[in-house]
Amino acid sequence: MDTVLLIKAAIMGIVEGLTEFLPISSTGHLILAGALLGGFEDARGKVFDIAIQTGAILAVIIVYWQRLRDTAAGLGNDVRARRFVINVLIGFLPAVVLGLLFGKAIKEHLFTPIVVASTFIIGGVIILWAERRPQSAVRIQDVDEMTPLDALKVGLVQCIAMIPGTSRSGATIIGGMLLGLSRKAATDFSFFLAIPTLIGAGLYSLYKERSVLSTGDIPLFAVGLFFSFVSAWICVRWLLRYIASHSFVPFAWYRIAFGIVVLVTAFTGVVTWAE
């Protein structure tokens, strides 16, 4: 395996880990980083982008290990634990159904610089709007207060992230806030919902595109997964501290600026968007 390619895989892993759980779209950043680095524009590169999400998810599992362990231990006799698992599964279901129905069509028709730049900018504006809501609009302070209907609504909002550039975490966090969740509750549920969603997407992508992979790709994927895990672990721990006393407004302005960058890089030929 080429050493330079492994270094590039490490950089891609860092980009994935740092952007997956922030409301700024990891997909858009991976496209831009992959184009600038080179070597990730083919079918194998697309599988790589999805597969390294598993490393980021492992970081979430470790950060929330105590909660996940207590939930697993209490499934037999703890109503709260069962309700929590049911809510996560309900929130996950829309992504499965709509992803299987429309995933291919979305990749074929919406993966354009105009769409990605637009979703970046529109998403930034929505974040600014969400952060202006009155405190009285918050009705759920903790994920344990969520009902199955709340979980379903957030799960449906998550599906908006199928549109390139939207950001899965951005859709679930900001969508959750607009639905009445506190910033902390929306962020926590976004992380929990990411576990089945991203693991499922990664395994499905590896299975579907297995013909383009070989055993020689194992070092490449291993490096990407490792650095994705480390950077995501750092990012998740930082974000949980950040939201305790800060809003998402800086991310909104970052999204707007990045949307402009997407347009510039696309129309100057830096990024190739053809599938």
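**Close-up views of a predicted model**

**View 1. A salt bridge joins Arg 80 and Asp 144.** The side chains of these two residues meet with an N to O distance of 3.2 Å; a salt bridge is a side-chain nitrogen of Lys or Arg within 4 Å of a carboxyl oxygen of Asp or Glu. Distant parts of the chain are linked by this pair, since Arg 80 belongs to helix 6 and Asp 144 to the loop between helix 7 (113-130) and helix 8 (148-158), 64 residues apart. Helices are DSSP runs (H or I, at least four residues), numbered from the N terminus. In the whole structure, 6 salt bridges are found. The model is predicted, with local features requiring pLDDT of at least 70 and side-chain atom pairs pLDDT 80 or more, while totals for chains, interfaces and linings use all residues. Residues are numbered from 1 along each chain as its sequence is written, and side-chain values use heavy atoms, without hydrogens and water.

**View 2. Helix 10 packs with helix 11.** Helix 10 (residues 183-208) and helix 11 (residues 218-242) lie at an angle of about 170 degrees, and their axes are 13 Å apart; axes are lines fitted to C-alpha atoms over the stretch in contact, with angles from 0 to 180 degrees between N-to-C directions. Helix 10 is therefore roughly antiparallel to helix 11 (an angle over 145 degrees). Helix 10 contributes Thr 187, Asp 188, Phe 191 and Leu 206 to the contact, and helix 11 contributes Phe 221, Val 236, Leu 239 and Leu 240. Contact means heavy atoms within 4.5 Å.

**View 3. Leu 240 lies in helix 11.** Apart from neighbours within four places in sequence, Leu 240 is in contact with Val 63, Tyr 64, Thr 187, Asp 188 and Phe 191. The C-alpha atoms of Leu 240 and Ile 61 are separated by 14 Å, although the two residues are 179 residues apart along the chain.

Note on methods:
Helix = DSSP H or I, 4+ residues; strand = E, 2+ residues; numbered from the N terminus. Parallel < 35°, antiparallel > 145°, perpendicular 65-115°, else oblique.
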